[in-house]
Amino acid sequence: MELQSGSRLSSQSLQGAPRRSPPRRCPDGGGEDRISALPDDVLLQVFLRLRCARAAALTSSLSRRWRGLWRHLFELSFREIALDAVDAALQQVVCPALSRLEIEIPEEHRIMDPARVSALLQAAARLAPADLVIDVWGHCKDRDIPIEIPCFERATSIKLRVLNLYLTLPAGDIEFPALERVSVAGCRFDDMVELIRRCPHLRVLEVCGCWGLDTVEIHSPTIEELVLDNNGVLSNLDIMAPVLRQFTLQATMGRDFNVLFSATMVQYLWWWCSCEQRNVGIGEVWYLRSLDLWTEESAYILQLNIDFSTHVHVDHDLIQQIAQLPEFSVLKIYLAAYGHVFGAPVLDLLGTYTGILRLKVVIRNLKRTKECPPNCVCDESPNWRSQSIPLLSLEEIEIVGFEGTSHEVDFLKLLFRCATLMKRMTVRLSRKVFSSDGVYEEMHSIFEAYPSVECYVYRSSGLVIDI
């Protein structure tokens with residue numbers, strides 16, 4: 001039973017609890033019994049600080065005068081207790097309007113009947129808590145049996161973690177007039193649009209590990225914080241939240257993933273989207289594995305994890321998918337290249353987003369099953385080596401895992417040629433590069449042609465190389 005900061009008890013908080021008798025003398029004649037003389041308000045404060053309704057009930061049994069006093073607590077917490085014991089305790093509660101009610105029934109007391117979960121929610125609603133937390137385990141066989149959430153008219157915060165079950169909103173058009181914070185986790189929940197409509201003062205919404213959310217639509221003039229951790233495949237994300245300040249998203253992109261995002265006041269954003277379908281990419285052999293988007297110092301940073309494979313079917317263009325995202329100023333590309341030529345797909349990305357300020361390319365030449373063959377499909381368009389696009393905003397470039405192969409050297413030359421206002425170039429070499437390979441001399445000749453650019457080269461060990 002968590003004691004809320006700033007809570008105060010008074011005689012009114014007893015909700016009709018009887019006043020106790022005056023101080024008594026200790027039976028052994030040792031003086032006044034000061035504990036029994038404590039006012040009920042003070043005793044309730046002691047029970048509150050036990051942080052557990054069961055501990056409070058056991059403590060109250062030590063004295064006849066204290067017996068049943070726990071029933072007048074306005075904050076109750078039941079943790080690691082079986083459902084039968086919780087039901088019996090809730091029936092004894094005297095306080096008609098709790099400030100906080102927390103119920104946590106552990107997995108070993110998994111509830112096998114969804115009707116009992118419904119009854120538990122109804123019992124909690126009768127106590128009209130302002131802050132409600134319920135954490136229970138159901139059985140996966142009941143995941144399609146709807147359990148209606150009753151109306152909590154006084155609740156400003158509700159947190160429901162009901163694993164393996166199916167939650168629905170109350171029938172009719174019942175609102176939650178005071179609700180400001182909602183957290184739903186571990187269950188089927190597909191009434192998000194209706195929930196937002198029925199909560200006119202909702203500021204914080206968390207939906208984690210839920211299923212049934214193929215489409216997420218959040219149009220809210222009040223939501224300031226949003227957390228979506230989708231347990232299934234997300235096909236459509238539609239956010240229109242003018243006062244949204246924090247947004248966390250973790251999801252698996254559906255085959256036809258679509259994003260509409262309008263939130264001009266966002267200060268903190270973090271998205272992680274995996275693309276398990278392997279159908280989004282550039283060309284026919286470079287596909288998106290995952291996408292990360294976050295804010296850092298008021299700037300959007302986009303990270304793309306791109307792999308090479310001749311065994312995927314790319315039917316959605318990565319550039320079109322990125323166009324749906326907020327405008328970013330930093331681009332990080334992690335390439336599982338396996339030794340293949342990557343200049344063309346990276347150039348396509350840079351040619352579309354010419355306004356980026358910083359670029360990082362990480363070359364991950366992982367263990368290869370076979371070498372890149374002559375006339376490989378990865379280099380079907382070799383004209384990228386002679387192209388030039390204006391990257392006038394690009395100021396800093398970092399390349400990690402540079403091996404100095406001919407196509408990587410061509411890529412390095414391309415970046416210098418396009419980013420004419422570049423201020424800094426950093427190259428971190430692969431551990432496969434040795435001073436005898438001629439890579440140092442090749443890089444020196446390139447750097448020498450651009451004296452206005454600060455150029456730094458690092459060994460894989462982190463030591464700076466003087467070129």
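Student: Which element gives the most to the lining of the second largest cavity?
Tutor: The model is a predicted one. In it, Leu-237, Leu-249, Met-253, Phe-257, Val-259, Trp-271, Cys-273, Leu-291, Gln-321, Gln-324 and Leu-325 line the second largest cavity. Two elements give two or more residues to this lining, β13 (246–262) and β14 (268–274). The one that gives the most, with four residues, is β13.

Student: How much space lies in the second largest cavity?
Tutor: Its lining includes Trp-271 and Gln-321. By class, that lining has nine nonpolar, two polar and no charged residues. The space in the second largest cavity is about 60 Å³.

Student: How many cavities of 30 Å³ or more are there?
Tutor: A cavity is a set of points where a 1.4 Å probe fits but cannot get out. The largest cavity holds about 100 Å³ of space. With the 30 Å³ cut-off, the count is three.

Student: Which element gives the largest share of the lining of the largest cavity?
Tutor: The lining consists of Ile-149, Ile-158, Leu-160, Leu-169, Phe-176, Leu-179, Val-182, Ser-183, Val-184, Phe-189 and Leu-195. Elements giving two or more of these residues are β7 (157–163) and β9 (181–185). The largest share is three residues, and it comes from β9.

Student: How many charged residues are in the lining of the largest cavity?
Tutor: Ser-183 is one of the lining residues, and Ser counts as polar. By class, the lining has ten nonpolar residues and one polar residue. The number of charged residues is none.

Student: Which residues have the most contacts inside the largest nonpolar core?
Tutor: This core has 137 residues. Take Leu-205, and leave aside its neighbours within four places in sequence. Its contacts then include Val-182, Leu-195, Ile-218 and Glu-225. Inside the core, the residues with the most contacts are Leu-205, Phe-247 and Met-425.

Student: What is the make-up by class of the lining of the second largest pocket?
Tutor: The second largest pocket has a volume of about 290 Å³. Of the 15 residues that line it, the closest to its centre are Ile-363, Asn-365, Gly-401, Ser-430 and Arg-431. β21 (396–402) and β22 (424–429) each supply at least two lining residues. By class, the lining has four nonpolar, five polar and six charged residues.

Student: How many salt bridges are there?
Tutor: Side chains of opposite charge can pair when their charged atoms come close. The rule takes a side-chain nitrogen of Lys or Arg within 4 Å of a carboxyl oxygen of Asp or Glu. By this rule the count is 24.

Student: Are Glu-102 and Arg-100 buried or exposed?
Tutor: The two form a salt bridge, with the closest N and O atoms 3.2 Å apart. Buried means under 20% relative accessible area. Both Glu-102 and Arg-100 are buried.

Student: What separates Glu-194 and Arg-197 in helix α5?
Tutor: Their side chains meet in a salt bridge, 2.4 Å from N to O. Glu-194 is partly exposed at 25% relative accessible area, and Arg-197 is partly exposed at 44%. Because they are three residues apart in helix α5 (residues 192–198), the separation is about one helical turn.

Student: How many residues apart in sequence are the parts that Glu-403 and Lys-432 tie together?
Tutor: The pair forms a salt bridge, with the closest N and O atoms 3.5 Å apart. Glu-403 lies in the loop between β21 and α8 (406–418), and Lys-432 in the loop between β22 and α9 (439–448), so the parts tied together are apart in sequence by 29 residues.

Student: Which residues do salt bridges that share partners join into one network?
Tutor: Start from Glu-102, which forms a salt bridge with Arg-100. Shared partners extend the set to one network: Arg-79, Arg-100, Glu-102 and Asp-131.

Student: Where does Ser-298, with its positive phi, lie?
Tutor: Phi of Ser-298 is near 70 degrees, positive in a residue other than glycine. Ser-298 counts as exposed, at 77% relative accessibility. Glu-297 also has a positive phi, near 55 degrees, and is exposed at 78%. Ser-298 lies in the loop between β16 and β17.

Methods: Residues numbered from 1 in each chain as written. Predicted model: local features only at pLDDT ≥ 70, side-chain atom pairs only at ≥ 80, totals over all residues. Heavy atoms only, no water. 1 Å grid on protein atoms, 1.4 Å probe; cavity = no way out; pocket = protein on both sides within 12 Å on 5 of 7 lines; lining within 4 Å. Points joined across faces, edges and corners; volume = space filled by probe spheres on them. Core = buried A, V, L, I, M, F, W, Y, C linked by side-chain atoms within 4.5 Å. Buried < 20%, exposed > 50% of the residue type's maximum accessible area, 1.4 Å probe, protein only. Contact = heavy atoms within 4.5 Å.
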